[in-house]
Amino acid sequence: MKILCGFKGSGKSTLARACHRLWGITIADTDSLIEEAYYRGTGRRASCREIALCEGEEAFRLREKEALNTLSPNSCAVLSVGGGALEEAGNIATMKSLGSLVYLRAEVELLWERIAASGVFPSYLDVHDPRASFIAIYHRRAVTFERCADYIIDTHRHTPEVLASLLAEECGPL
C-alpha cells in the first residue's frame with residue numbers, strides 16, 4: 001500500500017483518484033472512512049471539518065486513529081490520509097505497518113492559495129489569522145512529513161496523471 005500524506009491542497013485525493021482511473025486499483029481516503037463511521041454512529045452526514053468543529057480536535061483525531069486501525073495492508077493499493085494524522089506517533093507506526101509513506105510536497109504559498117480559493121478553511125486554523133496559523137502548521141508538519149516519509153514527490157506543476165506515473169516509477173508497484 002502507498003500512503004499519501006501531505007497538506008490540504010497537496011493533491012492526495014486527486015492523485016489517488018488518478019491512480020484508480022489509470023490503473024483500476026483500489027483506493028481509500030481516511031476522511032471518507034471517518035465520515036462514514038460518523039454517519040453509522042449518528043445517522044447524520046457531516047464533513048471532516050464539521051465533525052472536528054462539532055466534537056473538537058481531540059475527538060476527531062481519535063476518529064482518525066480508529067479509521068487507520070480498521071485497515072490492513074491489503075485494504076487498498078493507495079490510501080490518502082489527512083495531514084494531522086502524522087502528528088500522532090501511534091498513527092505513524094500504524095501507517096508504516098500498512099505500507100510506504102509518500103509525502104506529496106508542495107510550496108506553502110501554493111497550498112495557501114488553494115485553501116484560500118476553496119473558501120473553506122480547515123477547522124484547525126485560527127479564525128482571526130488563518131494564513132499565519134497555516135504557515136506555522138506547515139513549518140511544523142513539514143519536518144514530520146520529511147522525517148517519516150519513505151518517498152517524497154514534489155507536486156508543483158505536475159498533472160495528476162504525471163504524479164501517478166511518478167508514484168509508480170519512484171515508489172514501486174501499486
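What percentage of the 174 residues of the chain count as buried?

1. Burial. The share is 45% of the 174 residues. Buried means under 20% relative accessible area, exposed over 50%, and partly exposed in between, with a 1.4 Å probe and protein chains only.

2. Basis. This is a predicted model: local features need pLDDT of at least 70, side-chain atom pairs count only at pLDDT 80 or more, and totals for chains, interfaces and linings use all residues. Residues are numbered from 1 along each chain as its sequence is written, and side-chain values use heavy atoms, without hydrogens or water.

3. Elements. The chain has 8 helices and 5 strands. These are DSSP runs, numbered from the N terminus: helices are H or I with at least four residues, strands E with at least two. From the N terminus, the order is β-α-β-α-α-α-β-α-β-α-α-β-α.

4. Overall size. The radius of gyration is 15 Å, close to the 16 Å of the globule rule for 174 residues, so the chain is as compact as a globular protein of that length. The radius is taken over C-alpha atoms; the rule is 2.2 Å times the number of residues to the power 0.38.

5. Contacts. Of the contacts with a separation of 6 or more, 72% join residues 24 or more positions apart. Contact means heavy atoms within 4.5 Å.

6. Surface. The accessible surface is about 8,700 Å², and carbon and sulfur atoms hold 52% of that. Areas come from the Shrake-Rupley method with a 1.4 Å probe; for residues, only the protein chains shown count as cover.

7. Leu174. Leu174 lies in the segment after helix H8 (160-171). Leu174 counts as partly exposed because its relative accessibility is 30%.
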